[in-house]
Amino acid sequence: MLETGAIWGLTGTTVTSFMFFWAMYKQYVPHEFRAYVEKYFHKMIGWISYYVHIKFTEYTEEGLKRSQAYDSIRNYLASKSTTLAKRLKANESKNSKSLVFSMDDHEEIEDEFEGVKVKWHSNVKVTQPQHSYGRSISDERRYFTLTFHRRHRGMIIETYLDHVLREGKAIGLNKRERKLYTNNSSQEWYPWRSGKWSNVPFHHPATFETLAMDPVKKEGIKKDLIKFSKGEDYYRKVGKPWKRGYLLFGPPGTGKSTMIAAIANFLDYDVYDLELTTVKDNSDLKKLLLDTKGKSIIVIEDIDCSLDLTGQRKKKNDDDEEEDGEEKKKEDEKKPKVDEKQSKVTLSGLLNSIDGLWSACSGEKIIVFTTNFVDKLDPALIRRGRMDNHIEMSYCKFEAFKVLAKNYLEIETHELYEEIERRLEETDMSPADVAETLMPKSDEEDADICIKRLVKTLEEEKEKARKLAEEEEKKKVAKEAKKKKKAEEAEEKKRVEEEKKKNKKAEEEEKEEKTEEDVKKEKEQNGDVSNQNGCN
Ligand SMILES: Nc1ncnc2c1ncn2[C@@H]1O[C@H](COP(=O)(O)OP(=O)(O)OP(=O)(O)O)[C@@H](O)[C@H]1O
Ligand SMILES: [Mg+2]
């Protein structure tokens with residue numbers, strides 16, 4: 001019998017030799033040849049092994065779309081790994097108050113279901129490094145492998161996997177930390193990363209309760225959202241993809257972005273903030289949208305500025321527009337220009353991405369466009385069916401003011417409310433400006449001071465608006481006078497031209513008459529001469 005020392009010695013030698021050969025293999029066998037060897041090695045193992053392996057990759061469809069099955073499995077395994085795995089990964093939780101553990105890369109855990117044991121292995125494959133601007137960066141592709149005895153194949157595929165996916169999804173929904181995604185703008189540095197999202201936790205405090213707008217309109221929107229979020233069967237029945245488009249339009253500071261945050265909080269959805277100007281082309285846009293999950297809001301802010309999506313503008317057929325031509329040109333020059341080199345997304349590309357065939361992938365989605373200038377948009381972009389619900393966010397009126405006063409000052413009534421109501425009807429002030437005026441600027445400022453400040457501001461705003469209107473009126477009158485003068489000058493010019501023409505014609509006719517008379521006289525003279533000659 002071998003002694004313990006001898007066994008350790010033997011084992012040590014075997015391990016050392018193995019490590020030596022492994023290092024030699026890795027160093028000297030070329031990469032292509034290794035892939036070849038590994039392929040046949042796996043084939044051989046398959047012939048003799050009793051075990052079945054199933055691979056679940058992080059991205060599906062040629063790496064275009066994040067796999068929901070992978071995410072569910074990760075959640076399921078994370079719930080098991082705290083007790084079963086030896087190596088864990090720790091991340092901060094939702095509120096950064098505690099830690100969340102998950103299975104580390106290259107770690108293995110065993111699970112048991114209905115008396116059957118299976119093994120899960122987490123893998124990561126690092127792609128060949130890509131070189132850009134002198135940097136060498138590689139991409140990591142993760143996947144899980146499930147291993148089980150082949151005699152349980154039926155049960156595992158039909159029952160166990162269903163159980164894992166269902167549990168994982170439920171855990172995911174429970175623990176879900178909502179995210180705000182934004183598309184990567186660093187394509188120049190990492191070109192292969194274009195078409196990908198990066199994210200941060202979404203903690204916007206806006207809710208429908210704090211949103212200042214007409215309560216009837218607000219209720220309507222809430223009902224619409226609830227109907228949509230519960231409408232899976234209905235959408236299937238009518239044969240429509242489960243998505244809904246919202247167009248939010250109105251002047252700056254009227255709460256369009258705040259409304260998006262309120263919708264996200266109301267439905268518990270993620271937000272994908274799509275910056276169109278950094279999307280390379282239509283195909284990149286498709287990739288990005290394919291990589292979005294269900295229960296999400298896809299937002300394109302200031303769609304009129306994002307790209308030249310205004311389609312055919314109104315044809316100029318108006319005198320006024322001709323007059324304004326130069327002013328408009330100047331204004332256009334002032335506007336920031338979209339970098340055409342950077343983004344080649346077209347209107348048709350965007351339309352296709354909103355409701356092309358593949359846009360119906362991966363669950364319910366809300367698409368929101370915001371704009372300050374709804375008239376500038378191509379009608380095709382905002383037609384019902386694409387943008388189903390058009391919501392105007394307007395200047396602050398009394399109902400909206402009451403919400404703001406309640407939020408900012410915690411008051412529901414005040415003796416100046418009537419005056420404020422009247423003044424708000426007379427003045428166009430955005431909720432953002434009203435909110436800023438209402439906000440106490442120091443501990444000494446109470447509700448009364450803030451309300452009085454608002455009344456004063458409204459008065460000033462009214463005066464400002466009056467002066468502006470006067471100036472506008474003056475400009476209009478000057479413009480009219482200029483137009484009239486121009487028309488009169490043109491009329492005068494026309495009259496002079498016609499007069500000239502008339503005179504010229506008269507002169508010519510006179511000349512012609514004279515010539516005829518001369519000819520006649522000449523003839524007569526000639527006749528006289530010949531008669532005299534004849535007589536002689
Ligand atoms: N309707 C509103 N209810 C509550 N707060 C509002 C409302 N509108 C504006 N605000 C306040 O004003 C700020 C600016 O509003 P927001 O960014 O939503 O305006 P916007 O319409 O998106 O403007 P822009 O057109 O410039 O993007 C918000 O942070 C919020 O505090
Ligand atoms: Mg905004």
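Reply: A residue counts as near a molecule when its C-beta atom, placed from the backbone, lies within 6 Å of that molecule. Keep that cut-off in mind for the ligand. Keep in mind too that this is a predicted model.

Me: OK, which residues come nearest to ligand 1?

Reply: There are 16 residues around ligand 1, and the nearest are Ala212, Pro252, Gly255, Pro431 and Ala432.

Me: Which helices and domains supply the shell around ligand 1?

Reply: Helix H7 (256-267) and H15 each give at least two residues. By domain, at least three residues come from domain 2 (183-313 + 341-392), and at least three from domain 3 (398-495).

Me: H15 has come up, so let's stay there. How do I read the packing of two helices?

Reply: For two packed helices, you quote the angle between the axes and the distance between them. Here, take helix H13 (residues 398-409) with helix H15 (residues 431-438): their axes come within 10 Å and cross at roughly 35°. The crossing of H13 past H15 is right-handed.

Me: Which residues of H13 and H15 meet?

Reply: From H13 you have Ala400, Phe401, Leu404, Ala405, Tyr408 and Leu409, and from H15 Pro431, Val434, Ala435 and Leu438. By class, this contact has 10 nonpolar residues, with no polar and no charged ones. Notice Pro431: it's in this contact, and it's also among the residues nearest to ligand 1.

Me: Now sheets. What should I know about side chains in a strand?

Reply: In a regular strand the side chains alternate between the two faces of the sheet. With that in hand, find the open sheet of 4 strands, in the order S1-S10-S7-S6, where the pairing is antiparallel.

Me: Why do S1 and S6 each have one side without a neighbour in that sheet?

Reply: Strand S1 (51-57) and strand S6 (108-113) are at the edges and have a single partner strand each, so one side of each stays without a neighbour in the sheet. On average, neighbouring strands here are turned by 25° against each other, direction ignored.

Me: How many bridges pair S6 with S7?

Reply: S6 and strand S7 (residues 116-126) are joined over 6 bridges, in the antiparallel sense. To see one position, look at Ile109, which sits opposite Trp120 in S7.

Me: Which helices lie across this sheet's strands?

Reply: Helix H3 (residues 68-84) lies across S1, S6, S7 and strand S10 (140-149), at about 95° to S6. Helix H4 (residues 153-175) also lies across S1, S6, S7 and S10, and runs at about 70° to S7.

Me: What is the order of the sheet of 7 strands?

Reply: That open sheet runs S12-S11-S14-S15-S16-S13-S17, and its pairing is mixed. Strand S12 (197-201) and strand S17 (389-392) are the edges; each has a single partner strand, so one side of each lacks a neighbour in the sheet. From one strand to the next, the twist averages 20°.

How values were computed
Residues are numbered from 1 along each chain as its sequence is written. Chains are lettered from A and ligands numbered from 1 in the order in which they are written. This is a predicted model: local features need pLDDT of at least 70, side-chain atom pairs count only at pLDDT 80 or more; totals for chains, interfaces and linings use all residues. Two strands pair if DSSP finds at least two bridges between them. Axes are lines fitted to C-alpha atoms, for helices over the stretch in contact, and angles run from 0 to 180 degrees between N-to-C directions. Two residues are in contact if their C-beta atoms, placed from the backbone, lie within 7 Å. A crossing is left-handed if the near helix is turned anticlockwise from the far one by less than a right angle, and right-handed if clockwise. Ala, Val, Leu, Ile, Met, Phe, Trp, Tyr, Cys and Pro count as nonpolar, Asp, Glu, Lys and Arg as charged, and the others, Gly among them, as polar. Domain bounds come from an automatic or database domain assignment.
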